[in-house]
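Welcome! Please take a moment to look over the sequence and the fold before reading on.

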Amino acid sequence: MTALKIILAVDDEPGYLEVIKFEYSGKGFTIFSARNADDALAVLKRESIDLVITDMKMPGKDGLDLVIQIRKTLPDLPIIIMTGYAMEDRLKRVLEFKRTVHIHKPFDLDKLGATVSQLLSEEKLLS
Ligand SMILES: [Mg+2]
């Protein structure tokens, strides 16, 4: 796992944020968290984030709205969308953005870790 990267985790359920924070701070990542899309966008303006892990279903703007908003200014930022629901057309369209993937909730941390590593190693190859 690439060290010293900064992850933004977004979820309306604090339990997921805790799990991600515990897992990745232990691996040398810096973790910011947000409970909704607007707070996430505020963090993205303020901090230099390397990767976003966002829930899909959230009150207010959902994770897909968040991805669409992020892509207006940050086309290359790796984003992982966590979803517990069947693939819907809106999700399929959002996944057409580059470096945008999804994993099913509940996920195991190995699967999430493999996805994070893959996205960040692609970034290294690009830079
Ligand atoms: Mg949710």
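Which unit do β1, helix α1 (residues 14-25) and β2 make? In this predicted model, they form a right-handed β-α-β unit. Within that unit, β1 pairs with strand β2 (residues 30-34) in the parallel sense, over five bridges. Valine 10 has alanine 34 of β2 opposite.

| Strands | Sense | Bridges | A facing pair |
|---|---|---|---|
| β3 and β4 | parallel | four bridges | aspartate 55 and methionine 82 |
| β4 and β5 | parallel | five bridges | threonine 83 and histidine 104 |

Now for a closer look at β4. Five of its five residues are buried, so the strand counts as mostly covered. Ile79, Ile81 and Thr83 point one way, while Ile80 and Met82 point the other way. In a regular strand, side chains alternate between the two faces of the sheet.

Helix α3 (residues 63-73) is worth a look as well. Its buried residues are Gly63, Leu64, Leu66, Val67 and Ile70. They lie on the same side of α3, because they cover an arc of only 150° around the axis. What do the buried residues of α3 pack against? Their partners are the strands β1 (6-10), β3 (51-55), β4 (79-83) and β5 (100-104), together with the helices α2 (37-46) and α4 (89-94).

Technical notes: Residues are numbered from 1 along each chain as its sequence is written. This is a predicted model: local features need pLDDT of at least 70, side-chain atom pairs count only at pLDDT 80 or more; totals for chains, interfaces and linings use all residues. A residue is buried if 20 or more other C-beta atoms lie within 10 Å of its own, exposed if 12 or fewer, and partly exposed in between; C-beta atoms are placed from the backbone. Helices (H or I, at least four residues) and strands (E, at least two) are DSSP runs, numbered from the N terminus. The arc is that of the directions from the helix axis to the C-beta atoms. Two residues are in contact if their C-beta atoms, placed from the backbone, lie within 7 Å. Two strands pair if DSSP finds at least two bridges between them. A crossover is right-handed if, with the strands pointing away from the viewer, the path from the first strand over the helix to the second runs clockwise.
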